[in-house]
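This report covers nonpolar packing and charged side-chain pairs. The sequence and structure come before the text.

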Amino acid sequence: MGAPENHRFTLDNGLRVVLAPDATAPVVGVSVHYDVGFRSEPEGRTGFAHLFEHLMFQGSESLEKLAHFKIVQSSGGTFNGSTHPDYTDYFEVLPSAALERALFLEADRMRAPKLTQENLANQIDVVKEEIRLNVLNRPYGGFPWILLPPVLYQTFPNAHNGYGDFSDLEQATLDDCAAFFDTYYSPANAVLTVAGDFEPDRARELIEKHFGDVPHRPAPVRRSFAEPPPSGEVRGTHVDPHAPLPALAVGYRMPDPINELDSYLANLVLAGVLSDGDGSRLQQRLVHREPLVTDIGAGAGLFGPFEARDPDTFSITAIHAPDVSPDRVLGALDEELEKLAATPPDAQELQKVTARWSASLHSEHDRLVSRTLGLGSFELLYGDPSLIYRLADRMAAVTATDVSAAAKALRPDSRAVLVIEPATNEGEK
């Protein structure tokens, strides 16, 4: 889709607002992005940013516990929230006539969520069950996003488990919650986005009405999470009691997603050349010709692209047979990277990947919920929400030489290797 005109302004309390009208369907999306993710949570409180996201759905000083759910669903809408490395988002998509309800709900919990001991204890249990379901009791749970960072990174913000350790979650207090809210959930630390079928002037009136009196608190000074890349290859091992086959993840540091965007995009294209589709290089080499692995993939960003500031991670994951050693897989991987570094991909190979990216981006931004969230996150991270409409052209401008340079930077002497070992049947738990 084309790039429609966005309206941007800032309220007196510091809340940044993005309006993106589009009358093609009678629905509207509302999102709020807070400039805090799990890299900002306090040391000793792993998983706290995600826990607090849950608490934001537990009522407010003016609404009972399940009111948010009931109001959105009875209006024919959907809602959710999610925690990322550097931001937390909340959204509703509703019929356009219900815009004011969504604005009221988001302003209400921005003003004063209901932080009680009962809500805290309940949501700690909910998060622990989520971790059991998604990590502890499933094959390759937490692979690689929880298990790879502590091998690749040294500092707590970059290396720790963003889902949370049970002991840390259980020690969270209401004072921790109040301090986290006061520090990070200020309107001056947030972006409100409205996209879809609405009149901009009327939306602005409603935003002033509902958000204008949310008290201002200064936004926290944004921390830098920079740290040097590994000075050699570093390795770690994890025994997975549920994994049927061994696996490995290889992590490399990427260019700065914000200040080196074109180099970052070259890494996205490189990931596609390596593993996107049956004809990609790693699929052909390691799945079909040798074969060494049963599954392989490459990606920019442990949570996908455009999810984090610097530092971010390029990862390659593989599942392989027990009689194939990790070093054999790594050797083949290094050979393929060396080939790309020495000989750039040809025009057809490059165009196939960039065309897929372009189609994916256009399809993604055609969906109202994705467009709403994308505009908000790009305002927060890049200060430019309309950049989401230019990404396809920026991706198409990536050259074969750029991809070759990205491959050359993925060096075996500056990477992390995580080895997943299935538990044996001899006493392993």
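D276 is partly exposed, with 30% relative accessible area. In this predicted model, D276 forms a salt bridge with R356, and the closest N and O atoms are 3.2 Å apart. R356 lies in helix 13 (residues 347–366) and D276 in the loop between helix 10 (261–275) and helix 11 (281–289), so the bridge ties together parts 80 residues apart in sequence. R356 is partly exposed as well, at 39% relative accessible area.

## Other salt bridges

The structure holds 28 salt bridges. One of them joins K209 and E100, with 2.7 Å between the closest N and O atoms. This pair links distant parts of the chain, as K209 belongs to helix 9 (residues 200–211) and E100 to helix 3, 109 residues apart. K209 is exposed at 55% relative accessible area, whereas E100 is partly exposed at 26%.

K70 and E64 also meet through their side chains in a salt bridge (3.9 Å, N to O). Here K70 is partly exposed, at 49%, and E64 counts as exposed, at 53%. A network of salt bridges links E233, R235, D327, D334 and R415.

## Nonpolar cores

The largest nonpolar core has 68 residues, of which Y185 and I207 touch the most other members. Helix 3 (residues 99–111) supplies the largest share of this core, 6 residues. Another core, of 65 residues, lies apart from it and includes Y87, V93, A271 and M395.

Leaving aside residues up to four places away in sequence, Y185 touches Y34, V36, F52, M56, T88, Y90, M110, F180 and R217.

Conventions
Residues numbered from 1 in each chain as written. Predicted model: local features only at pLDDT ≥ 70, side-chain atom pairs only at ≥ 80, totals over all residues. Heavy atoms only, no water. Core = buried A, V, L, I, M, F, W, Y, C linked by side-chain atoms within 4.5 Å. Buried < 20%, exposed > 50% of the residue type's maximum accessible area, 1.4 Å probe, protein only. Helix = DSSP H or I, 4+ residues; strand = E, 2+ residues; numbered from the N terminus. Contact = heavy atoms within 4.5 Å. Salt bridge = Lys/Arg side-chain N within 4 Å of Asp/Glu carboxyl O.
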